[in-house]
Structures are given as structure tokens and as C-alpha cells.
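This briefing concerns side-chain contacts in a predicted model.

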Amino acid sequence: MVNIKRLPSPIIESYEWQWDGACMGADSSVFFSPEAERGMKRHRREEAAKAVCATCPVIDRCREHALAVHEPYGVWGGLTESERAEILTRRQTAAAV
């Protein structure tokens, strides 16, 4: 579950960058998996989402937002849930050293 304490304040300027996202208006099912999706079907959906992200002018902002709030679901900033978890684990490990 997302820790809402990490979310930016509910001020439009905190989220305004999302209006410029390549995903605006896209079907959310491209970015978020249905329950129990596995294997090649999941991989193909994630690759399709990443292809949209690759064209996005706010990909870096999106990625940093997802990492900052520990977004647990979907493809954000061109990263899957597991890729974000791996980055966060590496950051925590590096900070502990």
C-alpha cells in the first residue's frame, strides 16, 4: 500500500507535470495489470507500457515520483513494480553502508 505521508501536498503544482505525460488519455489497463496476470501476457503489457513511457517528455519526473512515494502498482516512468522495488532496495542498502 502507498504510504500517503510520502505523497506531495494536494496542490495542483505538485501534480501538474502529469498533464504532459504521454500516458494522458491512454487506457490504464496498459499500465496496470489485472489480478493474477503472469508470464508472457504480463511481459507484453509491460513492454507496451514502457514503449509509451519511452516517448514521454516527463518520464524522469514520473519515475522519481513513483520512487519517492514507493508506488506499488503499475508501470511508472518506464519502470515496473519489480524494477522500482529493486532500485529502492539498492538505495536503502547504499544508505545503510
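**Salt bridges**
- Arg-42 and Glu-46 are both buried (buried means under 20% relative accessible area, exposed over 50%, partly exposed in between, with a 1.4 Å probe and protein chains only).
- These two residues, Arg-42 and Glu-46, form a salt bridge with the closest N and O atoms 3.1 Å apart (a side-chain nitrogen of Lys or Arg within 4 Å of a carboxyl oxygen of Asp or Glu).
- Because Arg-42 and Glu-46 are four residues apart in helix α2, about one helical turn separates them (helices are DSSP runs of H or I, at least four residues, and strands are runs of E, at least two, numbered from the N terminus).
- Glu-37 pairs with Arg-45 at 2.7 Å between the closest N and O atoms; Glu-37 is buried at 7% relative accessible area, and Arg-45 is buried at 10%.
- A network of salt bridges links Glu-37, Arg-42, Arg-45, Glu-46 and Glu-81.
- The count of salt bridges is eight.

**Aromatic pair**
- One aromatic pair is counted, and Phe-32 and Trp-76 form it edge-to-face, at 6.4 Å centre to centre and 80 degrees between the planes (ring centres of Phe, Tyr and Trp, the last by its six-membered ring, lie within 6.5 Å; planes under 30 degrees apart are stacked, over 60 edge-to-face, the rest tilted).
- Phe-32 is partly exposed at 34%, whereas Trp-76 is buried at 17%.

**Basis**
- Residues are numbered from 1 along each chain as its sequence is written, and side-chain values use heavy atoms, without hydrogens and water.
- In this predicted model, local features need pLDDT of at least 70 and side-chain atom pairs count only at pLDDT 80 or more, while totals for chains, interfaces and linings use all residues.
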